[in-house]
Amino acid sequence: MTHSTALLTDHYELTMLQASLADGTAHRRSAFELFARRLPDGRRYGVVAGVNRLLDALERFRFDEQAIAFLADRGVVDQVTRDWLADYRFSGDVSGYADGEIYFPGSPVLVVESSFAEAVLLETVFLSILNHDSAVASAASRMTWWAGGRPCIEMGSRRTHEESAVAAALAAYIGGFSATSNLEAARRHGIPSTGTAAHSFTLLHDRERDAFISQVDALGKGTTLLVDTYDVAEAVRTAIDITGPDLGAVRLDSGDLPSLAGQVREQLDSLGATKTRIIVTSDLDEFQIAALAPAPVDGYGVGTSLVTGSGYPTSGFVYKLVAREDADGKLIPVAKKSPDKISIGGRKWALRRRSATGVAEVELIGVGEPPTDDGDDRELLKPLVENGKIIGRSTPEEAQAHHLKVRDELPRYASQLSRGEPAIPTEYIGDYDARNPFLPRSHA
């Protein structure tokens with residue numbers, strides 16, 4: 001087994017555990033829900049990513065000897081709690097939205113059912129994974145939507161923490177990116193990797209021509225030559241002089257990209273290199289990709305904006321207790337009363353209500369009981385863990401295919417980059433007070 005994930009948590013999770021073990025409430029049957037109260041400003045939908053990583057983290061959530069020793073040395077919790085933690089194994093159920101699924105405000109992205117003690121410990125690690133990965137996947141989806149089928153390459157490793165870079169590459173792939181520059185992401189997750197040369201390689205050589213010849217000799221005529229180190233037009237002439245019309249692509253990394261791409265396309269065509277593609281990079285985001293849509297661009301390389309969620313590095317997910325066992329053994333809804341932090345108590349189920357033609361219309365959430373499928377709907381919560389056994393893993397390829405499929409369900413205005421409401425509304429049915437939707441009827 002690889003290293004434990006048990007200490008990827010907050011101190012207060014363990015102090016709550018100690019207190020609840022002492023007062024007898026730790027073993028109350030409970031339901032926790034992970035959801036976002038709102039989408040980032042300007043977004044019409046969000047994309048779930050990180051579910052597989054979450055399941056991997058759950059599998060490794062064990063308080064080993066080193067972890068227990070650390071807790072003892074720091075005096076974090078008492079001996080009774082440490083003994084309980086030493087035997088910790090999650091034995092409950094988890095259901096959730098699959099990697100690549102679309103979510104909206106209030107969507108029950110993850111539902112964790114177990115004892116309070118077992119579930120409360122998972123809050124921080126679950127949130128840290130899903131908040132980061134879903135932010136990247138949401139940005140990636142907007143970028144690939146506006147790319148219009150032109151391939152996008154993730155190349156942001158140097159702009160984030162080294163482990164975040166690996167996670168971001170996977171999340172970007174789920175959101176529709178075709179490849180990554182990060183080799184560890186390729187090794188760990190099996191996603192395609194790609195790369196050729198940077199400006200330093202050209203600067204290393206006495207002449208730009210020498211650099212191009214070296215790269216072509218090493219990688220073949222199908223390679224991508226970076227043509228904006230010095231003079232773009234001269235570099236393009238040199239590149240085609242070396243390779244003939246069979247050069248795979250040229251890359252532009254600076255300047256007025258729409259105008260420059262048009263000039264380079266004309267030049268390549270005039271030189272007979274009609275099949276040579278044009279790849280653009282240079283701190284792109286979804287807005288720049290949208291602006292480049294009319295330009296003769298064949299692919300995009302995206303870095304900083306992608307791995308930082310294009311301005312929103314977190315999805316804003318929270319993890320809340322929504323139901324717990326009462327003295328009679330009945331599961332009752334619970335919720336905090338706060339107008340600024342809306343929560344609706346009760347265990348949730350979710351359907352994506354669709355029209356007869358398959359277009360998404362409503363995020364329909366049942367409180368206390370599942371909503372009824374009217375024949376065109378799609379269930380959103382999938383079993384991920386049953387009685388502690390992980391059953392819900394998917395491959396990156398499956399997650400990407402799922403995302404592209406469900407994104408096509410959205411109304412076309414969901415792709416808009418201007419500020420506006422979520423692409424579809426969220427509606428609740430069941431045991432809650434419509435006049436006061438912050439609380440269930442029994443607590444209103």
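A crossing is called left-handed if the near helix is turned anticlockwise from the far one by less than a right angle, and right-handed if clockwise. The model is predicted, so local features need pLDDT of at least 70, side-chain atom pairs count only at pLDDT 80 or more, and totals for chains, interfaces and linings use all residues. Residues are numbered from 1 along each chain as its sequence is written, and side-chain values use heavy atoms, without hydrogens and water.

Helix H3 (residues 65-74) crosses helix H4 (residues 79-86) in the right-handed sense. Their axes come within 10 Å, at roughly 165°. H3 is therefore roughly antiparallel to H4 (angle over 145 degrees). From H3, Ile68, Leu71 and Ala72 make the contact (heavy atoms within 4.5 Å); H4 supplies Arg82, Leu85 and Ala86. Five of these residues are nonpolar, none is polar and one is charged. Ala, Val, Leu, Ile, Met, Phe, Trp, Tyr, Cys and Pro count as nonpolar, Asp, Glu, Lys and Arg as charged, and the others, Gly among them, as polar.

Helix H11 (residues 232-243) packs on helix H12 (residues 257-270) at about 35°. The axes lie 11 Å apart. This crossing is also right-handed. Val232, Ala233, Val236, Arg237 and Ile240 of H11 meet Leu260, Val264, Gln267 and Leu268 of H12. By class, the contact has seven nonpolar residues, one polar and one charged.

The domain assignment, automatic or from a database, gives domain 1 as 23-57 + 91-137 + 312-429 and domain 2 as 196-278. The C-alpha centres of domain 1 and domain 2 are 46 Å apart.

Definitions and conventions:
Axes fitted to C-alpha atoms, helices over the stretch in contact; angles between N-to-C directions. Helix = DSSP H or I, 4+ residues; strand = E, 2+ residues; numbered from the N terminus. Parallel < 35°, antiparallel > 145°, perpendicular 65-115°, else oblique.
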